[in-house]
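Dear colleague,

My notes on its salt bridges follow the entry.

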Amino acid sequence: MSEPTTDDWLDIASGYFDKTQFPNTVGAVDGKHIQLECPKNSGSLYYNYKNFFSLILMAICDSNYCFRIINVGSYGKESDCNVFKMSPFGKKLYSDKTNFPPERCLPGDDQGVPQPFILVADDEAFALNKNLLRPFPGRTLNDERRIFNYRLSRARQYIECSFGILLKKWRVFQTSMLVEPNFAVKITKACCVLHNFVRRRDGFNFEDSLNGGMDSITERRGVDNAQTNAKDVREYFVKYVCQPPK
């Protein structure tokens, strides 16, 4: 699965804005547990906090429910923030070496400050970055932050639906795989490629995404080492979605 080009990222951002009205979004990111039977001589490496053995599928999807970047094979005991940070694409993102398009003004905000293109993540377990936005944590949020969380969640749900479609279509994910971890990685990668092929050939069937209960790898651990400019980007997006330019 080849990494998207800069033009591909622009097309993805256009798709997200058309469908969710969330600007400059080039993907939704999350991870899921792929269940395994206990691998031989592995100790607790694959034993996750949900009390079963697994390896991790970390993925970024577009607004057509296609996987654009995947990373498969991390131990089930790892947390999602560490898996993403240590993945090849995560290293690029946090070192500012992605091929994302250059910063540009948000749609309808031509006189505003150019903003970076971003991924959306599900919660505080992912480290906030100028190219990765997550919801505000906590329950005592003001109205603007609640609206922002809701709008971001609309875009983020595409990765949940993508995993749901994958689970419903390929039933190998509905039970523990009776293979060695290395072969389970190959099966998972093959299914992701086939998933994309079927989506582009047949389009999206809403029923495919229902009851897609792949286990999330999210363990509720906050990551509070966000950069100041990342927080500034998020606050700019808050003002944009709450008071979009006319």
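The paragraphs below describe the salt bridges found in this model.

Please bear in mind that the model is predicted. In total, eight salt bridges were counted.

The side chains of K32 and E160 form a salt bridge, with an N to O distance of 3.1 Å. This pair joins distant parts of the chain, since K32 lies in strand β1 (residues 25-35) and E160 in helix α4 (residues 143-169), 128 residues apart. K32 counts as buried because its relative accessibility is 3%, under the 20% cut-off. E160, by contrast, is partly exposed, at a relative accessible area of 26%.

E160 also meets R156 in a salt bridge, at 3.5 Å from N to O. R156 and E160 are four residues apart in helix α4, so about one helical turn separates them. R156 has a relative accessible area of 16% and is therefore buried. Taken together, K32, R156 and E160 are linked in a network of salt bridges.

A further pair, D143 and R146, forms a salt bridge in which the closest N and O atoms are 2.2 Å apart. These two residues are three positions apart in helix α4, so that D143 and R146 are separated by about one helical turn.

With kind regards

Terms used
Residues are numbered from 1 along each chain as its sequence is written. This is a predicted model: local features need pLDDT of at least 70, side-chain atom pairs count only at pLDDT 80 or more; totals for chains, interfaces and linings use all residues. Side-chain values use heavy atoms; hydrogens and water are left out. A salt bridge is a side-chain nitrogen of Lys or Arg within 4 Å of a carboxyl oxygen of Asp or Glu. Buried means under 20% relative accessible area, exposed over 50%, partly exposed in between (1.4 Å probe, protein chains only).
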